[in-house]
Structure formats: structure tokens, C-alpha cells
Amino acid sequence: MTIYLNGRYMPVEQAQVSVLDRGFIFGDGVYEVIPVYSRKAFRLAEHLRRLQHSLDGIKLSNPHSDSEWTQIVEHIIEQNAGEDQYLYLHITRGVAERDHAFPKPPVAPTVFVLSKLLKTPPPELLQQGVSCISATDNRWLRCDIKAISLLPNVLLRQMAVEAGCAETIMFREDAFLTEGAASNIFVIKNGTLLAPPKDHLMLPGITYDVVLEIAAAHHIPCEIRRINKAEVFAADELLLTSSTKEVLAITHLDGQPIGSGKPGAMYQRLFGLYQDYKREVMRP
Ligand code: PDD
């Protein structure tokens with residue numbers, strides 16, 4: 001496995017980062033996860049735009065131009081096995097003596113890129129859907145930043161795992177839907193696709209955008225608005241989206257069936273359209 005670290009390509013075993021790295025000490029950094037299909041990065045421009053938004057959010061200057069990022073990403077894809085890969089980009093505020101305030105003068109950021117094989121959900125999961133639990137969203141108020149400090153998300157996801165479930169769906173103030181621990185959530189009611197707004201309370205998902213674009217192109221009615229907890233439990237269908245899970249049906253929430261308790265018609269349709277879209281944009 002070849003990784004990129006601070007300007008160099010090397011086997012992952014050789015990569016080393018100082019224990020004084022602010023990513024290690026404070027979780028002071030941001031990241032991206034980019035799927036690669038047929039050796040091409042999916043929606044790279046959009047991922048790089050979101051990376052810039054995250055960097056701006058933590059006041060860290062972008063170590064690379066978009067064309068430099070593109071070169072790094074293409075080289076990493078080329079150096080690693082697999083037609084379909086999962087790219088992880090990670091930037092921290094660098095190595096400095098421990099002090100909460102930013103290092104003055106600034107130090108070089110730590111830049112790390114890794115690729116592994118992309119494992120999208122297996123056919124059984126696509127057919128059966130997944131069960132989720134609900135929890136109060138106890139994260140900070142800048143969830144639009146893709147920060148590497150993920151402890152709340154880690155604990156929330158672990159709650160789902162311990163309940164034998166795939167994901168935790170979060171509600172702010174125990175009242176309205178935000179997102180999953182590592183995914184966005186859509187609600188389907190009476191043929192309309194409902195989605196929470198891309199504000200500071202959720203990560204603006206790249207997959208979320210693709211799903212809404214596909215829905216608009218196929219004249220599926222959509223509403224972007226706050227969705228209350230009762231609406232989620234009374235949904236006809238619930239969907240989970242992310243770069244690695246793509247589009248997945250949620251069939252149970254806190255042990256209660258959603259709609260029929262089986263992946264529904266809107267899921268089937270959007271899943272198919274998502275796969276068609278991928279094939280279309282990834283065509284050489
Ligand atoms: N997570 N919300 C959160 C909190 C996430 O961590 C993610 C993705 C998403 C979906 O975003 P996208 O469609 O751009 O993948 C929403 C990635 C996959 C991760 O942390 O591994």
C-alpha cells in the first residue's frame with residue numbers, strides 16, 4: 001500500500017508522524033473520504049470544494065491547489081490496487097509544542113493521503129436494508145466541518161454496533177433530524193423525498209447532493225426542511241447515504257419497522273438511478 005505523506009510517496013509501513021502532531025494531540029485537522037470507481041475519483045471537484053470549506057472553518061490554509069491535489073490523488077490511485085478504491089485525505093495543523101492556540105508563526109501542516117479497497121454494501125444488505133437506533137445529537141455546532149476530531153461520532157456509532165445496528169440517527173434537542181454518525185438521512189413520505197437543510201448542524205454530504213440532483217432530474221418531489229422526530233418514525237421509507245454506503249434502506253429504527261419494514265419502492269428507484277449515474281459519469 002503506497003501512501004502520500006508531506007510531499008512523499010512511500011509504503012504505509014514507513015510513514016511516520018510526530019507525537020507532537022496537533023492532529024494527534026488536539027484532533028486539530030480536517031479530512032475527506034472520496035470514492036474511486038474504475039480508477040477515477042468520484043466528484044473530485046466537489047470533494048475538494050468541501051475540503052476548502054473545512055479548512056476555512058478551522059482557519060488552516062490549503063496546502064495544495066486543486067491541480068496539485070488532483071495530481072496527488074491520481075498518483076495514489078495509480079500506485080494502489082483495485083478498480084474501486086476509498087481515498088482518505090487528512091490535513092492537520094502540523095507539529096508544534098503543545099499549546100491550544102495556533103502555532104505562531106504557523107508550521108507546515110501534516111498532509112496524508114491513503115487508499116484502500118472500496119467495499120460498498122454487499123447484495124444481502126442492499127436487499128434487506130439495515131436497522132438503526134436513534135440518539136440525541138450531542139456534537140458541537142459546526143458539524144458542517146469535516147473535522148478529524150470525531151469522538152462524538154465514534155461513541156454514537158459504537159452505540160449502534162452494541163445494539164446490533166448499522167447506524168445511529170441523530171436528533172437535535174431530541175426534536176429534529178440532523179444526520180447519522182457517519183451518513184446523511186433522507187425521509188420518504190407520500191412519494192416526497194424530505195431532507196434536512198445543509199446548515200451548520202450536518203455534514204454537507206456529496207452523496208446527499210447526488211441523490212437530490214438525481215431526484216430533481218427524474219421529477220421526484222423533494223422538500224429540504226427541518227424534519228421532526230415524529231415524521232422520521234412515521235416515514236414510509238428512510239434512506240441512509242454516504243460515499244462508502246452509497247444509498248441504503250433503513251428498515252427499522254429503535255426496533256420499530258419503518259413503513260413495511262422492508263426496503264421500499266423509492267429506495268429501489270433511487271438506488272438504481274444512483275448506480276446508473278455512477279456508470280454514466282465514470283464512463284471513460
Ligand atoms: N463519512 N455525515 C457524516 C457525519 C459523515 O461522516 C459522512 C461521511 C456523511 C456523508 O457524506 P458523503 O456523502 O460526502 O460521504 C454525512 C465518511 C464516509 C467517513 O467519515 O468515513
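**View 1. Contact between domain 1 and domain 2.** In this predicted model, 24 residues of domain 1 are in contact (heavy atoms within 4.5 Å) with 22 residues of domain 2. The chain is divided into domain 1 (2-117) and domain 2 (123-281), with bounds that come from an automatic or database domain assignment. The centres of the two domains, taken over C-alpha atoms, are separated by 26 Å. The model is predicted, and local features need pLDDT of at least 70, side-chain atom pairs count only at pLDDT 80 or more, and totals for chains, interfaces and linings use all residues. Residues are numbered from 1 along each chain as its sequence is written, and side-chain values use heavy atoms, with hydrogens and water left out.

**View 2. The second largest pocket.** About 160 Å³ of space lies in this second largest pocket. On a 1 Å grid over the protein atoms alone, a pocket is an open set of points with protein on both sides within 12 Å along at least five of seven lines, whereas a cavity is a set where a 1.4 Å probe fits but cannot get out; lining residues have an atom within 4 Å of a point. Grid points are joined across faces, edges and corners, and a volume is the space filled by probe spheres set on the points. The lining of the second largest pocket consists of R43, E46, R49, R50, H53, K198, P204, I206, D209 and E213. Helices α2 (44-57) and α6 are the elements that give two or more residues to this lining, and α2 provides the largest share, 4 residues. Helices (H or I, at least four residues) and strands (E, at least two) are DSSP runs, numbered from the N terminus. By class, the lining of the second largest pocket has 2 nonpolar, 1 polar and 7 charged residues; Ala, Val, Leu, Ile, Met, Phe, Trp, Tyr, Cys and Pro count as nonpolar, Asp, Glu, Lys and Arg as charged, and the others, Gly among them, as polar. Domain 1 and domain 2 each supply at least three residues to the lining of the second largest pocket.

**View 3. Packing of helix α6 with helix α8.** The axes of α6 (residues 206-217) and α8 (residues 265-282) come within 10 Å and cross at roughly 105 degrees. Helix α6 is therefore roughly perpendicular to α8, a term for angles of 65 to 115 degrees. Axes are lines fitted to C-alpha atoms, for helices over the stretch in contact, and angles run from 0 to 180 degrees between N-to-C directions. T207, V210, V211, I214 and A215 of α6 meet L270, L273, Y274 and Y277 of α8. These contact residues divide into 8 nonpolar, 1 polar and no charged.

**View 4. The largest cavity.** About 60 Å³ of space lies in the largest cavity. Its lining is formed by F176, L177, T178, P196, P197, D199, L201, M202 and R226.

**View 5. A cis peptide bond.** K104 and P105 are joined by a cis peptide bond, with omega about -5 degrees. P105 lies in the loop between β5 (85-92) and β6 (110-117).

How values were computed:
Parallel < 35°, antiparallel > 145°, perpendicular 65-115°, else oblique.
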